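Hi everyone, thanks for coming. Please have a look at the sequence and the structure with me, and then we'll walk through a few places together.

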Amino acid sequence: MEAIQAHGALWSLKEMYTYPNEYIYWTIHIVIYPYITGLVAGAFVLSSLYHVFGKEELKPVSRFALLFSFALLLIAPSPLLFHLTQPQRSIHIMMTPHFYSAIAAFTIVYMTYMAIVLAEIWFVFRPFIVGQALEKKGILGLIYKVMTLGSYDVSEHALHVDEKITKILAFVGIPAAGLLHGYVGFIFGSVKTVPLWKTPLMPFIFLMSAIISGVAVCIFTYLIVMFVSRRFICKNTIRSMCKVLSLFLVIAFLLEGIDLVFHAYTAEESWGILSEVIFERFGFEVIFIQWIMGMIVPMIMLMLPNVGLPRAFIASTLVLIGVFMMRWDVVIGGQSMSRSLAGFLTYKIPIIPNSIEAFKEGPIPVVILLSAPFILLFIFNKVLPVFNDITSEEDCYATPEKPS
Amino acid sequence: MELTRRQLLKMGLLSVCGTVIPISALEIFKPDALASLVHPFSKKKRWAFVVDTTKCMGCGMCAKACKLESDIPFDTEVQRTWVERYVQLKTGEVIIDSPRGARYGFTANDPQGRELKDEDVTKGFFVPKLCNHCEKPSCVQVCPVGATYKTDDGVVLVDRKWCIGCGYCITNCPYFARFFHPIYNVADKCTFCYQRITKGLNTACSDACAFGVRKIGKLYDPDSEVFKIITTQRVAVLKPEFGNEPHVFYLGLDDIVK
């Protein structure tokens with residue numbers, strides 16, 4: 001009889017000496033979980049820049065960024081369900097949270113953030129929802145009626161209050177978004193057994209890469225949608241987003257750089273094998289894709305004067321790929337060096353779904369999970385349209401409260 | 001009100017003392033500390049393990065016995081306990097291996113499949129490994145649902161009905177003593193044979209060892225051989241730098257041991 005395979009043996013290749021129980025236990029889903037969570041935080045921060053700091057140039061994308069961050073937020077925990085070996089028990093985190101564990105705080109952080117995002121969406125779209133509820137008939141009318149939550153007051157005073165509350169929510173949302181993603185960084189940073197992860201900078205590194213990926217995904221999606229639907233694209237808006245992106249790119253780059261320099265300079269016992277992982281085994285992924293193509297090239301592209309739409313599109317796409325690679329390098333790279341410091345593990349993603357485990361851990365769920373936020377955005381956009389019809393640059397900032 | 005420097009210092013000192021003294025009472029009247037006054041210290045039960053690496057021959061009977069005692073499929077490549085072979089060459093190179101967790105024993109002079117000449121080897125030895133049942137287990141710390149826990153007598157166990165299988169504990173164990181159970185798909189590990197030791201029996205691995213390498217016993221128990229060894233001989237623990245306070249003590253540990 002064929003022996004039952006150990007969990008992890010399917011996709012881990014061992015080299016030299018690794019402990020008998022050592023496999024890559026955190027796989028592709030733990031790569032896309034922080035990736036999607038990061039996109040949430042970044043998109044939200046972008047929408048808050050308009051609401052809180054009054055960056056008028058960002059007005060045309062603030063609603064889109066907000067709704068998109070909600071779509072991403074809904075999908076964010078799903079990779080974890082694929083990752084858990086007992087997903088039906090995931091509710092235990094809420095039933096008996098063990099607060100010494102970073103993961104246990106997930107429910108609280110996630111729910112708080114969800115409440116803020118949902119509330120902000122409701123306040124931002126309230127005038128539109130009320131208008132539609134009064135106008136539309138049938139099922140769609142019923143949906144809008146439910147969405148008003150019984151509040152039909154759209155007097156000037158009420159709208160003024162709404163605006164104030166939105167501002168507060170957006171303001172509170174920024175630290176909440178920071179907490180959500182900083183906390184994901186903490187999950188990794190606190191794993192003391194993995195030398196690549198164990199750094200107090202991890203939450204900040206994750207947060208900065210979250211913001212750049214979130215802003216980049218907004219530029220990327222916005223440009224595609226506007227281009228495909230042949231709408232006018234506000235150049236100033238894109239330029240402003242690019243400015244935000246380049247600013248955070250610099251911070252992210254510095255943080256990641258200082259982390260590496262510290263590892264190299266202090267050169268603890270693990271540095272020998274760690275440097276081999278970073279510069280040799282993951283050399284192409286880390287140096288070429290993550291740093292050069294994902295950070296340095298877009299940084300130069302965005303900092304050169306007169307950023308046009310094609311350049312913005314290419315730079316944001318590169319950043320998206322770069323940040324994905326960064327998550328990959330952190331999660332897989334960190335585990336690819338044996339805890340014995342005397343061997344390596346290689347991760348081979350199971351392509352052929354010939355068993356439930358191979359399917360679960362394979363590329364199919366990944367594609368589904370990564371495309372789900374876009375599908376959700378498409379559906380949400382049917383109910384709460386976020387892409388405005390604009391015809392000229394002047395219109396960008398004078399868009400009516402009620403999108404047409 | 002005018003405040004002189006003298007008054008400020010006086011009031012400052014008073015308020016610091018006023019805060020510190022009541023708080024320090026909490027430190028003095030710690031429940032644990034009070035309990036230790038009532039019960040003699042030696043009554044505290046704490047399981048510990050001694051591995052005498054100088055006696056290990058690498059037969060692997062311990063790893064085999066462990067597999068047979070537990071419900072982990074014999075041929076699945078995960079081990080609650082395993083034996084590592086260390087061979088140091090004259091070049092300074094260290095070769096480590098543990099083929100199939102050593103449950104079939106080391107039967108040839110071929111670490112990592114390499115043919116070695118006797119004259120090239122400076123030293124070689126075996127190191128049995130198992131869960132260290134740490135005093136401050138990092139696996140227990142990070143379990144999000146509290147499915148893994150430390151018993152009052154210091155044994156770290158997993159609740160199979162509550163584990164969600166996130167793998168955080170596995171990632172956080174410096175010794176990689178944890179893995180996913182191939183059938184139940186939950187975190188699994190050495191239990192110090194809790195079902196046996198609580199009945200006064202030995203662990204399966206120490207019963208299977210013909211050379212007296214492995215010993216289980218209680219700390220603070222003057223009759224316990226384990227306690228005698230730990231208190232009178234030079235013992236070391238694995239990876240103390242992680243601060244887990246492991247409770248598997250090794251005799252004859254070398255610095256090439258990972």
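**Starting from one methionine**

Let's begin at A:Met241. Apart from neighbours within four places in sequence, A:Met241 is in contact with A:Leu46, A:Leu58, A:Val61, A:Val215, A:Cys218 and A:Ile219. Before going on, please keep in mind that this is a predicted model.

Helix H8 of chain A covers residues 202–228 and helix H9 of chain A covers residues 235–266. Their axes come within 9 Å and cross at roughly 155°. With angles over 145° counted as roughly antiparallel, H8(A) is therefore roughly antiparallel to H9(A). The crossing of H8(A) past H9(A) is left-handed. Which residues meet here? On the H8(A) side they include A:Ile212, A:Val215, A:Cys218 and A:Ile219, and on the H9(A) side they include A:Met241, A:Leu245 and A:Phe248. By class, this contact of H8(A) with H9(A) has 18 nonpolar, 1 polar and 2 charged residues.

Next, another pair. Helix H1 of chain A, residues 28–51, packs against helix H2 of chain A, residues 59–75, at an angle of about 155°, and the axes are 8 Å apart. That is why H1(A) and H2(A) are roughly antiparallel to each other. H1(A) also passes H2(A) in a left-handed crossing. Among the residues that meet are A:Leu46 and A:Phe44 from H1(A), with A:Val61 and A:Leu66 from H2(A). Here the contact divides into 14 nonpolar, 4 polar and 1 charged residues.

Let's move to a glutamine, A:Gln335, which is found in helix H12 of chain A, residues 309–336. Is A:Gln335 buried or exposed? A:Gln335 has 26 other C-beta atoms within 10 Å, so it is buried. Leaving aside neighbours within four places in sequence, A:Gln335 is in contact with A:Ile24, A:Trp26, A:Val194 and A:Leu345. From C-alpha to C-alpha, A:Gln335 and A:Met241 are 35 Å apart in space, and they are 94 residues apart in sequence.

Finally, the two chains. How many residues does each chain give to the contact? Chain A gives 36 residues and chain B gives 40 residues. On the side of chain A that touches chain B, there are 20 nonpolar, 12 polar and 4 charged residues.

Note on methods
Residues are numbered from 1 along each chain as its sequence is written. Chains are lettered from A and ligands numbered from 1 in the order in which they are written. This is a predicted model: local features need pLDDT of at least 70, side-chain atom pairs count only at pLDDT 80 or more; totals for chains, interfaces and linings use all residues. Axes are lines fitted to C-alpha atoms, for helices over the stretch in contact, and angles run from 0 to 180 degrees between N-to-C directions. Helices (H or I, at least four residues) and strands (E, at least two) are DSSP runs, numbered from the N terminus. Angles under 35 degrees count as roughly parallel, over 145 as roughly antiparallel, 65 to 115 as roughly perpendicular and the rest as oblique. A crossing is left-handed if the near helix is turned anticlockwise from the far one by less than a right angle, and right-handed if clockwise. Two residues are in contact if their C-beta atoms, placed from the backbone, lie within 7 Å. Ala, Val, Leu, Ile, Met, Phe, Trp, Tyr, Cys and Pro count as nonpolar, Asp, Glu, Lys and Arg as charged, and the others, Gly among them, as polar. A residue is buried if 20 or more other C-beta atoms lie within 10 Å of its own, exposed if 12 or fewer, and partly exposed in between; C-beta atoms are placed from the backbone.
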